[in-house]
Amino acid sequence: MEKKIHDEINSRRTFAIISHPDAGKTTITEKLLYFGGAIRDAGTVKGKKSGKFATSDWMEIEKQRGISVTSSVLQFDYAGKRVNILDTPGHEDFSEDTYRTLMAVDAAVMMVDSAKGIEPQTIKLFKVCRMRGIPIFTFINKMDRQGKEPLELMEELEEVLGIQSYAMNWPIGMGKEFLGIYDRYNDRVELARPEGDERFLPITEEGGLAVEHSMTATSYYQQALEDVMLLNEAGNEFDEERVAKGDLTPVFFGSALTNFGVQTFLETFLQFAPPPQPRKSRDGEEVEPESEIFSGFIFKIQANMNPAHRDRIAFVRIVSGEFERGMTVNVPRLSKNFKLSQTTQFLADDRETVNEAVAGDIIGLYDTGNYQIGDTVVGGKSNFQFEALPQFTPELFVRVAAKNVMKSKQFHKGILQLVQEGAIQYYKTLHTEEVILGAVGQLQFEVFEHRMRAEYHVEVQMETMGSKVARWIENEEDVKESMAGQRALLVKDRYDRKVFLFENDFAMRWFQDKFPDIRLYNLL
Ligand code: GDP
């Protein structure tokens, strides 16, 4: 491989920011883009904040809900690295796409609100990252506000998430008394409110300040110093290998809003975040990023981005080689070739057509209905496929039917396609074969309803079943229909596997007590 491409690939850093809504993901993203020179003024990432939707032509439902598609992938250059940030929508926008995006990154940044600690959505997203064994960097945000004690937050990481941590820096005070951070990694103190140019103060080998400063007289500084000494003695050691495997999370304290500690975080993060990683094919071979052959996989399909054209965009994470505009690729699932002339790459504000992209980058392919989530695209004559993307355990269910029974054929056709595409999960009752849809987020049902109307001209009737605990069964042959009931519905999934939908955790435990021989398991 040419040196130029080797350098290009190794400059890529592709990651996602995971957090519970309101932890500050948008705020820190804006600051990162600002440092990368991708935006002039921090505050333009989300359409809903800048009112961009009035003029944009994105899918109607997204307009209604104020979701920005332009922020699906953000790219900027910093210190010789090309950074790709993949958006992981949360809250009402939470869907399987959010999980699948985590399949396409090489690292994750976990944002934690210092006052709230580890929250539910963070736990869910963290688990997926942990399962993949990718490095996870923690940013504890909102230090400019009164929050939990830093030691308590470190303990929470270990107790709630079960991951060991290493504090890269330590806050000196917090809230109104937030004086700065003691930067263990760079051996310096970074002042929150520097006097003149004195932003960084060096520290001595013993750990004290090397210069005189009024801050040292405060109890906040004394406390921070004491904590750091404790961490030095009793805390985990920094270990790059364990960070790379996702066994140890480096922790940074800061404040995205006041832009404190963000740049230091970015620089340190880029130092330890990995370049594009190899990926396993279904034959168990590792496909190396620097392979001569272009390859990638589709992790997300965004429908009807432009209502006038009814097209969709399939997002491809490039795993190996180099993409060239106009190249012909093979989709092994279909044994079919496609010429990739229309591609698009997403930048902070406008869409730009890509000419060149390499392993680690994300490209958007115009799709007229050919691709499915999880598809491999490969260049040349190769026809290997990457390992399938995991199916995630849905938590929300609806019963669905066509409003007009005459439309039942289109109804089933639409469902089949949307299910294959990965937009929604399909279940049915055992004998009556009523259709039940499963999702990890409410948005998926709304998108489903919208697309059934717009693309298949079918009005659907949805009856909510609320949240359920879905469990698959190892020994299906031992399941009897009499075991099912109101609180433990027995259904089949799209592969005809039996699945119990329990009313809640309590109902599941009750079932397990009653039928201890039935071995239940959940997907991711
Ligand atoms: P997201 O939902 O994770 O994208 O969160 P946002 O970035 O939209 O932030 C949620 C709220 O927290 C907004 O009102 C932000 O201004 C605020 N916020 C974000 N970072 C900080 C911070 O460092 N300090 C304080 N005090 N507020 C913050």
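Helices (H or I, at least four residues) and strands (E, at least two) here are DSSP runs, numbered from the N terminus. The model is predicted, so local features need pLDDT of at least 70 and side-chain atom pairs count only at pLDDT 80 or more, while totals for chains, interfaces and linings use all residues. Residues are numbered from 1 along each chain as its sequence is written.

**View 1. K142, a non-glycine residue with positive phi.** Look for K142 in the loop between β5 (136–141) and α7 (150–161). Its phi is near 70°. K142 has 26 other C-beta atoms within 10 Å, so it counts as buried (20 or more such atoms; 12 or fewer is exposed, in between is partly exposed, and C-beta atoms are placed from the backbone).

**View 2. D187, in the loop between β8 (180–183) and β9 (188–191).** D187 isn't a glycine either, yet its phi is positive, about 50°. This residue is partly exposed, because it has 14 C-beta neighbours inside 10 Å.

**View 3. Helix α2 (residues 25–35) packing with helix α10 (residues 262–272).** The axes sit 10 Å apart at an angle of about 75° (axes are lines fitted to C-alpha atoms over the stretch in contact, and angles run from 0 to 180 degrees between N-to-C directions). That makes α2 and α10 roughly perpendicular (65 to 115 degrees; under 35 is roughly parallel, over 145 roughly antiparallel, the rest oblique). On the α2 side, I28, K31, L32 and F35 make the contact, and α10 brings V262, Q263 and L266 (contact: C-beta atoms, placed from the backbone, within 7 Å). By class, that's 5 nonpolar, 1 polar and 1 charged residues (nonpolar is Ala, Val, Leu, Ile, Met, Phe, Trp, Tyr, Cys and Pro; charged is Asp, Glu, Lys and Arg; the others, Gly among them, are polar).

**View 4. A108 in the largest nonpolar core.** A nonpolar core is a set of buried Ala, Val, Leu, Ile, Met, Phe, Trp, Tyr and Cys residues joined through C-beta atoms within 7 Å. Leaving out residues up to four places away in sequence, A108 touches F15, A16, I18, L102, C129, I134 and I136. Apart from this core lies another of 32 residues, including I436 and F445.

View 5. In the contact, 6 residues of domain 2 meet 5 of domain 3. The domain 2 side has 3 nonpolar, 3 polar and no charged residues.

Definitions and conventions: Contact = placed C-beta atoms within 7 Å.
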